[in-house]
Amino acid sequence: MNKLFYLIISYIIFPIATLAQEFTPIPIEVSLDLYVGTWIYKNSETNEVFTIKLKKYDNYCTFSSNHGTIIIGEYSYTKNSITIHNSLTNLESIVTNDDALNASINGFGNHKNKDYTKLHIWVSDRTHEKLISGTIKFALSRTSQTLIWEIAEDEEGDIDIGPDYIEGISIPSNIVLTKISD
C-alpha cells in the first residue's frame with residue numbers, strides 16, 4: 001500500500017514541479033544588443049501598425065558630453081491604411097554624430113551601473129513636431145522578445161519643436177512591440 005501511495009504522489013508532484021521549472025526566469029546578460037532590431041505593434045481594433053528599427057551608435061556626443069554607446073532608431077506609423085510617418089530607411093544613412101543627433105529615437109541606459117533593463121528614450125514626434133520622452137524595456141517570454149514602450153507628453157520636460165503647438169502626440173504611447181528581425 002505504501003508503494004502505491006508513493007507512486008501516486010510522485011505522478012502528481014513530479015509533473016507539477018516540472019511545470020514550475022518551465023516558468024522560472026532565465027537570467028540573461030542585459031545589454032544594448034537586446035534592443036537592436038526591428039520591432040512591430042499591430043492593433044486590429046484601431047487599425048494601427050507602429051514599427052521601430054533600432055541600432056547601436058558608439059561615441060554619441062551632445063553639446064555638453066560624450067554619452068558613449070546609445071540606441072538610435074527610426075519609426076513608421078500607419079493608421080487606417082494611411083501612412084502618418086515613415087523614416088525607417090533613414091536609419092541606414094546615420095553615420096555621423098550630427099546624423100545621430102537627428103535620429104527620431106535616442107535611447108540611453110545607465111552606463112555607470114551597466115544597467116540596460118530599461119532605457120530612457122527621447123522620441124521626435126515628426127507629425128506634431130515635438131520631442132517627447134519615456135522608456136523602453138526589454139522583455140523575454142517563452143515565445144517572443146518584446147519591448148514595453150511607454151512615452152508621454154510632459155508639459156515640463158518635453159520640447160515643442162514646431163511653430164504650431166498641437167496637444168498630444170501622434171504615435172502610440174503605451175504599447176508592447178514584438179521583435180520581427182535582428
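A salt bridge is a side-chain nitrogen of Lys or Arg within 4 Å of a carboxyl oxygen of Asp or Glu. The model is predicted: local features need pLDDT of at least 70, side-chain atom pairs count only at pLDDT 80 or more, and totals for chains, interfaces and linings use all residues. Residues are numbered from 1 along each chain as its sequence is written, and side-chain values use heavy atoms, with hydrogens and water left out.

**Exercise 1. Salt bridges**

Task: Find how many salt bridges there are, and describe the one between Lys56 and Asp33.

Solution.
1. The count by this rule is four salt bridges.
2. Lys56 and Asp33 form one of them, at 2.7 Å from N to O.
3. Helices (H or I, at least four residues) and strands (E, at least two) are DSSP runs, numbered from the N terminus. Lys56 belongs to strand E2 and Asp33 to the loop between helix H1 (2–22) and E1, so the pair ties together parts 23 residues apart in sequence.
4. Buried means under 20% relative accessible area, exposed over 50%, and partly exposed in between (1.4 Å probe, protein chains only). Lys56 has 37% and is therefore partly exposed; Asp33, at 45%, is also partly exposed.

**Exercise 2. Two further pairs**

Task: State where Lys130 and Glu153 lie, and classify Asp182 as buried or exposed.

Solution.
1. In the salt bridge of Lys130 with Glu153, the closest N and O atoms are 2.6 Å apart.
2. Lys130 lies in strand E7 (residues 130–140), while Glu153 is in the loop between strand E8 (145–152) and strand E9 (159–160), so parts 23 residues apart in sequence are tied together.
3. Lys130 has a relative accessible area of 1%, so this residue is buried. Glu153 has 24% and is therefore partly exposed.
4. Asp182 and Lys179 also meet in a salt bridge, at 3.1 Å from N to O. Asp182, with a relative accessible area of 77%, is exposed, whereas Lys179 counts as buried at 18%.

**Exercise 3. Strand pairing**

Task: Determine how many bridges join strand E1 to E2 and how many join E2 to E3.

Solution.
1. Two strands pair if DSSP finds at least two bridges between them.
2. Strand E1 (residues 37–43) and E2 are antiparallel and joined by seven bridges. Asn43 stands opposite Glu48 in E2.
3. Four residues lie between the strands in the hairpin of E1 and E2, where Asn47 takes a positive phi near 55 degrees.
4. E2 and E3 run antiparallel too, with twelve bridges. Cys61 has Asn66 in E3 as its bridge partner, and a hairpin of four residues joins E2 to E3.

**Exercise 4. Aromatic pairs of Phe50**

Task: Classify the pairs that Phe50 forms with Tyr75 and with Tyr77.

Solution.
1. Rings of Phe, Tyr and Trp (its six-membered ring) pair if their centres lie within 6.5 Å; planes under 30 degrees apart count as stacked, over 60 as edge-to-face and the rest as tilted. The count by this rule is six aromatic pairs.
2. Phe50 and Tyr75 have ring centres 5.7 Å apart and planes at 40 degrees, so this pair is tilted. Phe50 is in strand E2 (residues 48–61) and Tyr75 in strand E3 (residues 66–79), 25 residues apart. Phe50 and Tyr75 are buried.
3. Phe50 and Tyr77 form an edge-to-face pair, at 6.0 Å centre to centre with 70 degrees between the planes. Phe50 lies in strand E2 and Tyr77 in strand E3, so parts 27 residues apart in sequence are tied together. Tyr77 is buried.
4. Phe50, Tyr75, Tyr77 and Trp149 form one aromatic cluster.
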